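Visitor: I am new to this structure and would like to learn how to read its features one by one. Could you please show it to me and then begin with a single residue?

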Amino acid sequence: MNQNFDLNLNPHTRLNILTGEHILVSPHRTKRPWQGKVEDVSPDNRPEYDPKCYLCPGNVRADGEINPDYKASFVFKNDFAALLEDTEVDSLNEDDLLVAKGERGLCKVISFTPKHDLTLPELTRDQIISVVEVWQKEYNELSANNWIKYIQIFENKGEIMGCSNPHPHGQIWAQSSIPQEIIKETENQKNYYAIHRKSLLSAYLKLEQKKQERILFENEHFVVLVPFWAVWPYETMIISKRHVTGINYFTAAEIAALADALKILTTKYDNLFETSFPYSAGMHQAPVNNGEYPEWHWHMHFYPPLLRSATVKKFMVGYELLANAQRDITPEFAAKQLKDLPTEHYKAKKA
């Protein structure tokens, strides 16, 4: 590499090895003044129980069902599901120009805790272990349906991410086809595995552990890092050290270690700007009921929109929409900021 080429100073592109797409990094732009949109900070004073919340224990949901008086996590079919189990799998094709296909699926909601005022980083380690155990249980039960080909476990946190209810919760969508992002990641992982006979992310992890430039935290079973190709300002990934294709293979020790990683990462997020940090997060894992996928390696993406503070958001507009994704602060800078943050939640310090 040319000694004059500096990733911290020069505009450059980086390859996302999972999708095959590129990201433009423009580190020199961090000095530009901000006169754009400033978001309002949502008040963080929710009650422990909200009688109007359709996720709180004992409350009536939109379909008339009454929530049980649950004490841990609570799972139910989404009352306004994007996918329906009884959808006819039919298709339309007019001259290869108007093309559509029926999509069958199931959508579930997981309330992480009965307490309306908490978020994932504010739960105890044992409570987060229970959430991970529910994810695994639901994954196993859904994958028993032969018509389901992919299961997406995810969480949207914060109004800025379009979350319609502040009660701590996530979702699971299971569907009859394989989504586009999974198709892209499958292709790139499969190509690498065919040549090297090991998973793409195993090799990537080994290099990241050697360089120690983007790792925020690791324990016996997981690594939390800012990926080299990160698009969002403080984007991160959790990657399992053991090459497994899905959450169904996690042992009790791995479940506990993932809970630790989730608590530490989300606490660091909240501590960054001392706000309830918004994000969209989700697991990527192998498709189900569709053959073997030995190349697949479980990982979890976190896509947070905050850029400079609790009130300045990164917008994907202009060049990002029309050409390819772009960022200003480097992944290495973001990783150092997150790594240096304490693991004790800022609210606990103020208590």
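Guide: Let us begin with Lys-268, whose place is in helix α4, residues 252-273; helices (H or I, at least four residues) and strands (E, at least two) are DSSP runs, numbered from the N terminus. This is a predicted model, in which local features need pLDDT of at least 70 and side-chain atom pairs count only at pLDDT 80 or more, while totals for chains, interfaces and linings use all residues. Residues are numbered from 1 along each chain as its sequence is written, and side-chain values use heavy atoms, with hydrogens and water left out.

Visitor: Does one call Lys-268 buried or exposed, and why?

Guide: Buried means under 20% relative accessible area, exposed over 50%, and partly exposed in between, with a 1.4 Å probe and protein chains only. Lys-268 has a relative accessibility of 4%, and therefore counts as buried. Along the chain, Lys-268 and Gln-337 are 69 residues apart, and their C-alpha atoms are separated by 9.4 Å.

Visitor: Which residues have a positive phi although they are not glycines?

Guide: Among them are Asp-95, with a phi of about 60°, and Asp-96, with a phi of about 55°. Asp-95 is found in the loop between β4 (91-94) and β5 (98-101), and Asp-96 is found in that loop between β4 and β5 as well. Asp-95 counts as exposed because its relative accessibility is 69%, and Asp-96 counts as exposed because its value is 64%.

Visitor: How should I read the sheet, and in what order do its nine strands come?

Guide: Two strands pair if DSSP finds at least two bridges between them. Here nine strands form an open sheet with antiparallel pairing, and their order is β3-β6-β8-β7-β12-β13-β11-β10-β9. The strands β3 and β9 (215-218) stand at the edges with a single partner strand each, so one side of each is left without a neighbour in the sheet. On average, neighbouring strands of this sheet are turned by 20° against each other, direction ignored; axes are lines fitted to C-alpha atoms, for helices over the stretch in contact, and angles in general run from 0 to 180 degrees between N-to-C directions.

Visitor: Which residues make up the covered face of strand β3, and which the uncovered one?

Guide: In β3, residues 74-77, the covered face holds Phe-74 and Phe-76, whereas the uncovered face holds Val-75 and Lys-77. Four bridges pair β3 with strand β6 (residues 105-111) in the antiparallel sense, and in that pairing Val-75 stands opposite Ile-110 of β6. The strand β6 is also joined to β8 (residues 169-175) by seven bridges, again antiparallel, with Gly-105 having Gln-175 in β8 as its bridge partner.

Visitor: With which strands does β2 pair, and in which sense?

Guide: Strand β1 (residues 12-15) pairs with β2 in the antiparallel sense over four bridges, and Leu-15 stands opposite His-22 in β2. Six residues lie between the strands in this hairpin of β1 and β2, where Gly-20 takes a positive phi near 80°. A further two bridges join β2 to strand β16 (residues 326-327), and these strands run parallel, with Val-25 and Arg-327 as bridge partners. Strand β2, residues 22-25, has Ile-23 and Val-25 on its covered face and His-22 and Leu-24 on its uncovered one.

Visitor: How many cavities of 30 Å³ or more does the structure hold?

Guide: Rolling a probe the size of a water molecule over the atoms shows where empty space is left. On a 1 Å grid over the protein atoms alone, a cavity is a set of points where a 1.4 Å probe fits but cannot get out, and lining residues have an atom within 4 Å of a point; grid points are joined across faces, edges and corners, and a volume is the space filled by probe spheres set on the points. The structure holds one cavity of 30 Å³ or more, and about 40 Å³ of space lies in the largest cavity.

Visitor: Which residues line the largest cavity?

Guide: The lining consists of Leu-120, Trp-135, Ile-153, Phe-154, Glu-155, Leu-262, Tyr-279, Ala-281, Met-300 and Phe-302. Two or more of the lining residues come from each of β7 (150-157), β12 (279-284) and β13 (299-303), and β7 gives the largest share, three residues. Nine residues of the lining are nonpolar, none is polar and one is charged, where Ala, Val, Leu, Ile, Met, Phe, Trp, Tyr, Cys and Pro count as nonpolar, Asp, Glu, Lys and Arg as charged, and the others, Gly among them, as polar.

Visitor: Where does His-297 lie, and with which side chains does His-297 make a polar contact?

Guide: A polar contact is a pair of N or O atoms within 3.5 Å; within protein, one must be able to donate a hydrogen and the other to accept it, and residues adjacent in sequence count only if both atoms are side-chain atoms. His-297 lies in the loop between β12 and β13, and because its relative accessibility is 0%, His-297 counts as buried. The side chain of His-297 makes a polar contact of 2.8 Å with the side chain of Ser-199, and another, of 3.4 Å, with the side chain of Ser-202.

Technical notes: 1 Å grid on protein atoms, 1.4 Å probe; cavity = no way out; pocket = protein on both sides within 12 Å on 5 of 7 lines; lining within 4 Å.
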